[in-house]
Amino acid sequence: MGFFDLFRRGKKELPIEALKWNKMWDMWAEQKASSPYAQLMTYESEINNGGHKQFFDNVSVAADLSNTVAVLYTVLGDVLQQNLKRAYEAFLQQNEDTLAQILDECDNVFYENESEVEKILKDYAMTIEV
């Protein structure tokens, strides 16, 4: 249960921004979020739960990983786009000597720039009707 759910249980009205944010994540969970935002939400969720390795492993099982990465390139800014490119190329090479280190470094770059992802998602959330 998220913060906003707890807030709602206290019978206080949520601001419209929070309602839209919650609905956006509900849509994602129901596989109804629009592209490229659905892919971006998956990317953020997987990175925050296990890093790039988890993202690549899970998406390659559930979807077309190369297509998902290509979609993400269209929405990410330069720093995160280059970071994803570096991580993806390392993942494809599967060089066990360097893979873990590169993915750890890429995870850190993502965390340092995560506010960019959050802004993109907040802007998308504001377009959602509640």
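**Exercise 1.** Which helices each supply at least two residues of the lining of the largest pocket?

*Solution.* Note at the start that this model is predicted. Step one: find the helices. They are α3 (37-62) and α4 (65-75). Step two: find the main contributor. α3 gives the most to the lining, with seven residues. The largest pocket holds about 290 Å³ of space. Its lining has 14 residues, and W28, A38, Q39, T42 and A63 are the closest to its centre. Step four: sort the lining by class. Six residues are nonpolar, six are polar and two are charged.

**Exercise 2.** Work out what span helix α2 should have, and compare it with the model.

*Solution.* Helix α2 covers residues 16-29, which makes 14 residues. The expected span takes 1.5 Å times one less than that number. This gives 20 Å. The end C-alpha atoms of α2 are 20 Å apart, so the two values agree. Now look along the helix. A18, K20, N22, M24 and M27 are buried. Just after α2, Q31 takes a positive phi of about 60°.

**Exercise 3.** Classify the aromatic pair of F110 and Y111, then state whether each residue is buried or partly exposed.

*Solution.* The whole structure has nine aromatic pairs. Next, accessibility. F110 has 0% relative accessibility, so F110 counts as buried. Y111 has 38%, so Y111 counts as partly exposed.

Key
Residues numbered from 1 in each chain as written. Predicted model: local features only at pLDDT ≥ 70, side-chain atom pairs only at ≥ 80, totals over all residues. Heavy atoms only, no water. Helix = DSSP H or I, 4+ residues; strand = E, 2+ residues; numbered from the N terminus. Buried < 20%, exposed > 50% of the residue type's maximum accessible area, 1.4 Å probe, protein only. 1 Å grid on protein atoms, 1.4 Å probe; cavity = no way out; pocket = protein on both sides within 12 Å on 5 of 7 lines; lining within 4 Å. Points joined across faces, edges and corners; volume = space filled by probe spheres on them. Nonpolar A, V, L, I, M, F, W, Y, C, P; charged D, E, K, R; others polar. Phe/Tyr/Trp six-rings, centres within 6.5 Å; stacked < 30°, edge-to-face > 60°.
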